[in-house]
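Open the model in your viewer and keep the selection tool ready. We will go stop by stop.

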Amino acid sequence: MAASNWTTPHPSTFILLGIPGLEAAHVWISIPFCSVYLLSLLGNGLLLAVIKTEPSLHEPMYLFLSMLALADLVISTTTLPKALCIFWFSEQAIHTNSCLAQIFLIHSLATMESGFMLAMAFDRYIAICNPLRHSAILTNQAIAKIGVGIVMRGAVLLGPHPFLLKWLPYCRTHVISHTYCEFMALVKLACADTTVMRVYSLLVAFLTGGLDFILVVLSYILILQAVFNLPSKDARHKSLSTCGSHICIMLVFYTPAFFSFLSHRFGHVAPYVHILIANMYILFPPMMNPIIYGVRTPRIRQRVLHVLGIKPS
């Protein structure tokens, strides 16, 4: 590394340390990281292939699920290859523009994932609470508009982040104690007033993930009220089974997301604990989403078994 890169307030590269305090275990840590990543690629790839090739799955719920799977694939691919390079080859340097691009992709895709889950909750709300108008409300055109709106929301609200970070001077250090570039990690390295950026980041987080979570909870309260009022026991069981898959995915996504967000801004936990939780937030949902839907959704499960050449028992 050139000495000048350590003294300039606008460095050409940053250094990603990986997981400080666990450097000796990097190779061992890489094994579950790599396994989870490969499972995510396989699971989400299969899910996308099954939904694309099976006409009976061209319904709002599965179309929103395919959007979520695509976002899962991109966000895990944005972070894991670089983390594995750190663990295996000690390639810790990352170009500043690549670092800023990683920040934009991670945060915008996480926002999109949250939006897709809200769309899935809205679909279940319409399907259960207003089933006669479900196909009229969620037409293919409406689904496309919702998808584009979610993508634009993530891109527009998170678009300023890399530009704001680009202008900041970094005269303290250019070393990031993480496996990937993260917005608050860079903000803490800056030797300038970052109050406006911190406030903007909190506002965006509330208007996206926070508001989405509140709306999802309200949707499922209304859905559960409607489900328990259904006259047929079979109808209640079927509706609860479908909602159960969604609720599992919400818990898998929002639990590590909120812990990571709060610990980075307000908490005082050991750095390696925060980094491991932050990586769980990036890695665990993409792996679990196809597993949850594959296990709990008969049509997807049967189609996946058919693709793999396995006869269902």
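Select Cys-171 and Cys-191: they form a disulfide, with sulfur atoms 1.9 Å apart. A disulfide here is a pair of cysteine sulfur atoms within 2.5 Å. Cys-171 sits in the loop between helix 7 (160-167) and strand 3, and Cys-191 in the loop between helix 8 and helix 9 (195-228), so the bond ties together parts 20 residues apart in sequence. Helices (H or I, at least four residues) and strands (E, at least two) are DSSP runs, numbered from the N terminus. Cys-171 is partly exposed, at 46% relative accessible area. Cys-191 is partly exposed too, at 27%. Buried means under 20% relative accessible area, exposed over 50%, and partly exposed in between (1.4 Å probe, protein chains only).

A note on what you see: this is a predicted model, where local features need pLDDT of at least 70, side-chain atom pairs count only at pLDDT 80 or more, and totals for chains, interfaces and linings use all residues. Residues are numbered from 1 along each chain as its sequence is written, and side-chain values use heavy atoms, leaving out hydrogens and water.

Next, select Cys-99 and Cys-181. Their sulfur atoms are 2.0 Å apart, in another disulfide. Cys-99 is in helix 4 (residues 96-129), while Cys-181 is in the loop between strand 3 and helix 8 (183-189), 82 residues away. Are these two cysteines buried or exposed? Both Cys-99 and Cys-181 are buried. The torsion about their S-S bond is about -120 degrees, so this disulfide is left-handed. The whole structure has 2 disulfides.

Now click Cys-85. Cys-85 is in no disulfide, and the nearest cysteine sulfur, that of Cys-34, is 11 Å away.

Move to strand 1 (residues 13-16). Thr-13 and Ile-15 are on one side, Phe-14 and Leu-16 on the other, and all are buried. Show strand 2 (residues 93-95): 3 bridges join it to strand 1, and the two run antiparallel. Strand 3 (residues 175-176) pairs with strand 1 in the parallel sense over 2 bridges. Strands pair if DSSP finds at least two bridges between them. Zoom in on Ile-15. Ile-15 stands opposite Ala-93 in strand 2 and opposite Val-175 in strand 3.

Last stop: select helix 2 (residues 26-53) and helix 3 (residues 60-89). Their axes come within 9 Å and cross at roughly 155 degrees. Helix 2 and helix 3 are therefore roughly antiparallel (angles over 145 degrees count as such).

Notes. Axes are lines fitted to C-alpha atoms, for helices over the stretch in contact, and angles run from 0 to 180 degrees between N-to-C directions. Angles under 35 degrees count as roughly parallel, over 145 as roughly antiparallel, 65 to 115 as roughly perpendicular and the rest as oblique.
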